[in-house]
Amino acid sequence: MNRRLPYGVFLDIEGSFDNTSYDSMCSALTRHGVDQTIVRWIKATLEGRLATADFGGVSRSVAVSRGCHQEVITPLWCLVVNELLVRLNEGSVYAQGYADDIYLLAVGKFPNTVSGLIQWALHTVELWCGGLGLSVNPDKIGLAAFTRKRKLIGFFEPRLSGKTLQRSMSVKYLGVILDLRLTWKEHVEVKVKKAQNSMWACRRACGVTWALNPTVVHWLYFAIIRPSVTFASLV
């Protein structure tokens, strides 16, 4: 019996917060049933901004035509990118997004079938980004076939923006390192190393005859060191 092969792609939309147009945001608001009065108010607020730079006593101001601060645009961007996620999920590829970080997963019995699904998904992402003036950097994409097999007969590497993508031995998504066999060994080693570095940094605040009071030391452990070790421990 052939085991099902999971093949994941991890990517981020380049410059999504800076380059997303106001028209695409307003169109997304309309698609999600937001009242047109609110849509016009949001558009007027975005379009009325100026960016000013001062240097050597000279000041210049220009009208901002797209993008805004991340805290403001994040909910609007989620509505924009939701269209892409829905389109991908309707095409037999599981897609999930966290802000501008996108995760694609194709599962099948045959490597060539899975490769075809991933290629279709990447082509869909490329077309969608092109329509909004956005892009995906092929050099920052992580690909991983989560399997114990060493050879995948019929498997072919997908392409994006004319460049052939290469598989990795491990990928990182939202701070979690995933190896091909999902052993979590590399993730644990990295997090332990980070916790050790944090511990020695905090250790410099204490001496043999002097130190911070116990309350502060307790806070350093629970607020800095322990979160480094337990990050994504639920997974």
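**Entry 1**

I looked up Lys-43 and found it partly exposed, at 27% relative accessibility. On this scale, buried means under 20% relative accessible area, exposed means over 50%, and partly exposed is in between, with a 1.4 Å probe and protein chains only. The model is predicted, so I note that local features need pLDDT of at least 70, that side-chain atom pairs count only at pLDDT 80 or more, and that totals for chains, interfaces and linings use all residues. Residues are numbered from 1 along each chain as its sequence is written, and side-chain values use heavy atoms, with hydrogens and water left out.

Which residue forms a salt bridge with Lys-43? I found Asp-23, with the closest N and O atoms 3.3 Å apart. Lys-43 lies in helix H3 and Asp-23 in helix H2, so this pair ties together parts that are 20 residues apart in sequence. The term salt bridge stands for a side-chain nitrogen of Lys or Arg within 4 Å of a carboxyl oxygen of Asp or Glu. Helices (H or I, at least four residues) and strands (E, at least two) are DSSP runs, numbered from the N terminus. I checked Asp-23 as well: Asp-23 is partly exposed, with a relative accessible area of 48%.

**Entry 2: H2 against H3**

Two packed helices are described by the angle between their axes and the distance between the axes. I looked up both values for H2 (residues 22–31) and H3 (residues 36–47): the angle is about 165° and the axes are 10 Å apart. Axes here are lines fitted to C-alpha atoms, for helices over the stretch in contact, and angles run from 0 to 180 degrees between N-to-C directions. H2 and H3 are therefore roughly antiparallel to each other. The cut-offs are under 35 degrees for roughly parallel, over 145 for roughly antiparallel, 65 to 115 for roughly perpendicular, and oblique for the rest.

Which residues make the contact? From H2 I listed Tyr-22, Asp-23, Met-25, Cys-26, Leu-29 and Thr-30. From H3 I listed Gln-36, Val-39, Ile-42, Lys-43, Leu-46 and Glu-47. Contact means heavy atoms within 4.5 Å. By type, the residues of this contact divide into seven nonpolar, two polar and three charged. Ala, Val, Leu, Ile, Met, Phe, Trp, Tyr, Cys and Pro count as nonpolar, Asp, Glu, Lys and Arg as charged, and the others, Gly among them, as polar.

I then looked for buried residues in H2 and found Tyr-22, Ser-24, Met-25, Cys-26, Ala-28 and Leu-29. After H2 comes Gly-33, whose phi is positive, near 80°.

**Entry 3: other salt bridges**

How many salt bridges are there in the whole structure? My search found four. One of them joins the side chains of Arg-31 and Glu-83, at 3.5 Å from N to O. This pair links distant parts of the chain, with Arg-31 in helix H2 and Glu-83 in helix H4 (residues 70–89), 52 residues apart. Arg-31 is partly exposed at a relative accessible area of 46%, and Glu-83 is partly exposed at 30%.

I next noted Arg-167, which forms a salt bridge with Glu-157, the closest N and O atoms being 3.5 Å apart. Arg-167 lies in the loop between strand E9 (163–164) and strand E10 (170–173), and Glu-157 in the loop between E7 and E8, so the pair ties together parts that are 10 residues apart in sequence. Arg-167 is partly exposed at 39% relative accessibility, and Glu-157 is partly exposed at 24%. Salt bridges that share partners also join Arg-31, Glu-83 and Arg-87 into one network.

**Entry 4: positive phi**

Most residues other than glycine have a negative phi. I noted Ser-161, which has a positive phi near 55°. Ser-161 is in the loop between E8 and E9 and is partly exposed, with a relative accessible area of 47%. Leu-174 also has a positive phi, near 55°. Leu-174 lies in the loop between E10 and strand E11 (176–179) and is partly exposed at 38%.

**Entry 5: two threonines**

Is Thr-147 buried or exposed? I found Thr-147 buried, with a relative accessible area of 18%. Thr-147 sits in the loop between strand E7 (142–145) and strand E8 (159–160). Leaving out residues up to four places away in sequence, Thr-147 touches Leu-5, Leu-152, Leu-180 and Arg-181.

Thr-215 is in helix H7 (residues 214–230) and is exposed, with a relative accessible area of 62%. I also looked up Thr-215 and Glu-90: they are 125 residues apart in sequence and 53 Å apart in space, C-alpha to C-alpha.
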